[in-house]
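Please open the structure in the viewer and keep the selection tool at hand.

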Amino acid sequence: MDAILDSIPQLIKDIEQLEDFKAEKENERQLLESQNQKLRYRLKLLKEAAVKESNEESNMDLVNVEEHAFINLHSILISLFSKAIKTAYPALEDFGKPAVSAGSKFADYQCNASMQICKLLKAKGENVSPNVVAKKLVDCLGQCNIIEKVDVSGQGFINVWLSRNKLRDILQYVLENKLKPKPLTNPQKIIVDFSAPNVAKEMHVGHLRSTIIGESLSRVFEFIGHDVLRINHIGDWGTQFGMLIALLQDKFPNYKTESPPIKDLQQFYKQSKVLFDSDLEFKKRAYDCVVKLQSMSPDHVQAWKLICDVSRKEFQKIYERLNISIIERGESFYQSRMETVVKDLEEKGFLENDDGRKIMWSPESSIPLTVVKSDGGFTYDTSDIATLKQRIEEEKADWIIYVVDAGQSLHFETLKKCAIHSGFLDPSKVRMDFVGFGVVLGEDKKKFKTRSGDTVRLASLLDEGIKRTRDKLVEKGRDKVLTDEELKLAETALAYGCIKYADLCHNRNHDYVFSFDKMLDDKGNTAVYLLYALTRIRSIINNLGTYTQDLNEPISLDHDKEWKLAKTLLRFPEVISKITDDFCLHHLCEYLYDVATTFSEFYDNCYCIEKNPQTGEIVKVFTGRILLCKVTAEYMETGLNLLGISTVSRM
């Protein structure tokens, strides 16, 4: 017992030493933990800096959803793979854009650049398999938060899976902030020249394509954020006004004090043309009227203005029906500027005498511009070069787009070359593009005419569209479920929407057959199908009624059909980018049709609202899917608006 008692002090001392050791080790542990935390923090900062640097080098700021949601996934992937190719194979200069496509059976996107790289390497004496090349590209591929994973399959196909969480964030942002691009740092002043009817002549089917394409392109560029000026370069000057003024003086001698009741100006023009061709005295007076108008005789200017006003009112009726916004600036606006241009070209030695005419060549053009006629008068060429100069110098345009039929391509090509040769146009500072289009054909595949062989009046075409649409709606019994106001809105939206869409859904470079039967079909790639699809989506949302379900859940992307719809929606920025490259609006039509058909697949496979089959009461709301419906409606409404197509709440 004494031995035990004697050992207690030593045990206490040992315990105290152990406690001290423990405290010392705890201090060391805490110090190590603190150092570890600092190291982890530094590692986190280094990783973030590395990602930021990589993103900056790759222009990857577009993946920042907080800034905006107009993210071009295709462009980002091309940029990533382009950088990977440069890193992996620096000797392959000017490789171009790698082929990256969506819709692969094996992944969300697929890059097929490996085969092309193998061919280029083989030409340099290096034999490598596409699979090895693909794996090397994947190793060199930069990190990006829109990519979930990447792998290689088959003969060097690189498969890319996108991040569902990231794409959900993008759609969520669109849902909360609407679909809109990031504001441009340097928006451009863009002039779009389209429509351009002639005074004293009615607008006809030939003006349809220029008007519809020009308006839609203007909307696309405005949507992106550019400053767009729509110009209607009407034919309001020339020798034809001598005939019209002479006839006005004969028929309505009191025109200076009483407004002449000219209801059909085209018929008035035809009468003046008949007299001009058959009556020498009338022809002489017509020429005299032209001279007096050009010398700005007050009476003749007043007569000219009266004639222009009658035409202007008729044009405006068409533009209002088609919801076209455009500023009139006719040939008369450039008269004094033509004189300045001619003087300028003469002083610089650009004009040559050709049998009394003054013509202008450029070293690259195959035909000249006729700047002054042998009788001293100006031409369309004079007007167009003066117009171009005015738009560059006075309007300060950065980009000028002419939307005119393909038959005028040579003229505008010559105009551009001569403008560059004369120094009026500097392509490094101002861009000029000619957007041509094909002809509207009848169902007989010939130029669209009336049965009597006359050109189809645009007003008559729109009237016929309204009538046929009303008949179609009545045939489907919609007049019994819609109010008179709803029926009127539906027939107008459908009629004009179908006419526009039937034009825009074709490649603008091609001719197309005009057919009311096809354009009013509610199946296939038509405006009717798209408008019905959008109305259906809205009705799904409206079916919630007073059901107070919390809509703060995330958008659902778990089901394959939900995911397919999300990927389809997010192709929108890529489509808009294509249009700004080639001015072809059928890309947007095809996109909207894809959205509509993909939504139909989603809705057929995924319940959005579950109802009691007996009572019809809502039992369950799949909120994530309702939100997917809402964001789909946002994309469709935006796309249809860019095409100039009005939507309605009920059809």
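Throughout this tour, contact means heavy atoms within 4.5 Å. The model is a predicted one, in which local features need pLDDT of at least 70 and side-chain atom pairs count only at pLDDT 80 or more, while totals for chains, interfaces and linings use all residues. Residues are numbered from 1 along each chain as its sequence is written, and side-chain values use heavy atoms, with hydrogens and water left out.

**The whole protein.** Display the protein, which has 21 helices and 16 strands; these are DSSP runs numbered from the N terminus (helices H or I, at least four residues; strands E, at least two). Of its 651 residues, 47% count as buried, that is, under 20% relative accessible area with a 1.4 Å probe, protein chains only.

**Helix α18 and helix α20.** Select residues 560-569 (α18) and 586-605 (α20). Their axes, lines fitted to C-alpha atoms over the stretch in contact, come within 9 Å and cross at roughly 165°. The two helices are therefore roughly antiparallel, a term for angles over 145 degrees between N-to-C directions. Now show the side chains: K561, E562, K564, L565, T568 and L569 of α18 meet Y591, D594, V595, T598, F599, E601, F602 and N605 of α20.

**Helix α4.** Next, select residues 130-140, which form α4. Which residues of α4 are buried? They are P130, V133, A134 and L137. These residues lie on the same side of α4, because they cover an arc of only 100° around the axis, taken from the directions from the helix axis to the C-beta atoms.

Conventions: Buried < 20%, exposed > 50% of the residue type's maximum accessible area, 1.4 Å probe, protein only. Axes fitted to C-alpha atoms, helices over the stretch in contact; angles between N-to-C directions. Parallel < 35°, antiparallel > 145°, perpendicular 65-115°, else oblique.
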